[in-house]
Amino acid sequence: YSSSIDAFGVGPLSFDNATFLWKAAEAGDTDISAKGVSFGAGGLTLNPNGNAVTLANPIGTGSTGGLTITGTGSVALAAANTYSGNTTVSGGTLLATNATGSATGAGDVSVMSAAALGGTGRISGTATVDFGASLSPGTTGIGTLTVGSLNLASGTSLPWNFGPSSNDLVAVTTSDGLTINGGSLSIFGETSADPFSTNGTY
């Protein structure tokens with residue numbers, strides 16, 4: 001779109017095998033979920049286009065389609081979603097920040113090379129982090145991300161935050177649900193801008 005999200009009216013917005021591209025340097029409200037967002041079996045692709053987008057309300061409720069995050073910037077899914085298709089992060093960052101349910105519905109999550117997964121919420125399915133992708137719990141600092149299962153490919157990046165009393169954590173809820181095929185762990189202080197300098201046992 002070329003003007004403002006407000007130009008879409010009060011909604012709802014319906015998609016099927018479509019892409020929603022945010023305006024670069026969007027100065028207004030970026031949350032299209034406030035208008036209601038549904039998508040069909042063909043799914044929906046979201047490109048935040050360098051913005052930090054938060055979707056506070058459920059999207060794609062009951063849909064069999066999936067969700068794709070692409071481009072640059074971040075998309076935070078802050079609600080419990082119920083779409084059953086898979087979620088693919090082919091670019092940018094997906095942040096699961098929901099308090100209940102699953103941010104990514106019933107399906108699995110694939111994080112492709114150069115893309116990232118983080119947040120402090122819950123993902124019920126399997127999260128697979130591919131070669132060249134990164135997994136960093138939290139949003140701007142220390143946090144815990146909960147997933148059903150976790151597969152880490154060789155060449156994954158794990159930039160994690162550690163502090164004197166807490167540290168980043170991924171909680172895997174499925175028994176025998178953790179598979180590690182390689183990767184590299186980079187340790188920072190309580191934010192990713194802080195070099196790690198506190199000695200101790202973690």
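This is a predicted model: local features need pLDDT of at least 70, side-chain atom pairs count only at pLDDT 80 or more; totals for chains, interfaces and linings use all residues.

Visitor: Which residues do ring pairs link into a cluster?

Guide: There are three aromatic pairs in the structure. In one of them, phenylalanine 15 and phenylalanine 20 come together. Ring pairs join these two and one tryptophan into a cluster: Phe15, Phe20 and Trp22.

Visitor: Is the pair of phenylalanine 15 and phenylalanine 20 stacked or edge-to-face?

Guide: A pair of aromatic rings is described by the distance of the centres and the angle of the planes. Here the centres are 6.1 Å apart and the planes make an angle of 80°. Planes over 60 degrees apart count as edge-to-face, so the label for phenylalanine 15 and phenylalanine 20 is edge-to-face.

Visitor: Is phenylalanine 20 buried or exposed?

Guide: The cut-off for buried is under 20% relative accessible area. Phenylalanine 20 has 5%, so the word is buried.

Visitor: And serine 14, buried or exposed?

Guide: Serine 14 sits in strand E1, residues 13-15. Its relative accessible area is 59%. Since exposed means over 50%, serine 14 is exposed.

Visitor: What about serine 33: which side chain does a polar contact join to it?

Guide: You'll find serine 33 in the loop between strand E2 (18-21) and strand E3 (37-39). At 3% relative accessibility, serine 33 counts as buried. A 2.5 Å polar contact joins its side chain to that of aspartate 31.

Visitor: Which strand pairs with E15 over five bridges?

Guide: Four of the five residues of E15 (residues 157-161) are buried, so the strand is largely enclosed by the rest of the structure. Leucine 158 stands opposite leucine 185. The pairing runs in the parallel sense, and the partner is strand E18 (residues 184-188).

Visitor: How much accessible area does the nonpolar patch with Ile187 have together?

Guide: Isoleucine 187 belongs to strand E18. At 37% relative accessibility, isoleucine 187 counts as partly exposed. Leu185, Ile187 and Phe196 form the surface patch, and together their accessible area is about 250 Å².

Conventions: Residues are numbered from 1 along each chain as its sequence is written. Side-chain values use heavy atoms; hydrogens and water are left out. Helices (H or I, at least four residues) and strands (E, at least two) are DSSP runs, numbered from the N terminus. Buried means under 20% relative accessible area, exposed over 50%, partly exposed in between (1.4 Å probe, protein chains only). Two strands pair if DSSP finds at least two bridges between them. Patches are made of residues with over 30% relative accessible area and no salt bridge: like charges are joined within 9 Å, nonpolar side chains (Val, Leu, Ile, Met, Phe, Trp, Tyr) within 5 Å. Accessible areas come from the Shrake-Rupley method with a 1.4 Å probe; for residues, only the protein chains shown count as cover. A salt bridge is a side-chain nitrogen of Lys or Arg within 4 Å of a carboxyl oxygen of Asp or Glu. Rings of Phe, Tyr and Trp (its six-membered ring) pair if their centres lie within 6.5 Å; planes under 30 degrees apart count as stacked, over 60 as edge-to-face and the rest as tilted. A polar contact is a pair of N or O atoms within 3.5 Å; within protein, one must be able to donate a hydrogen and the other to accept it, and residues adjacent in sequence count only if both atoms are side-chain atoms.
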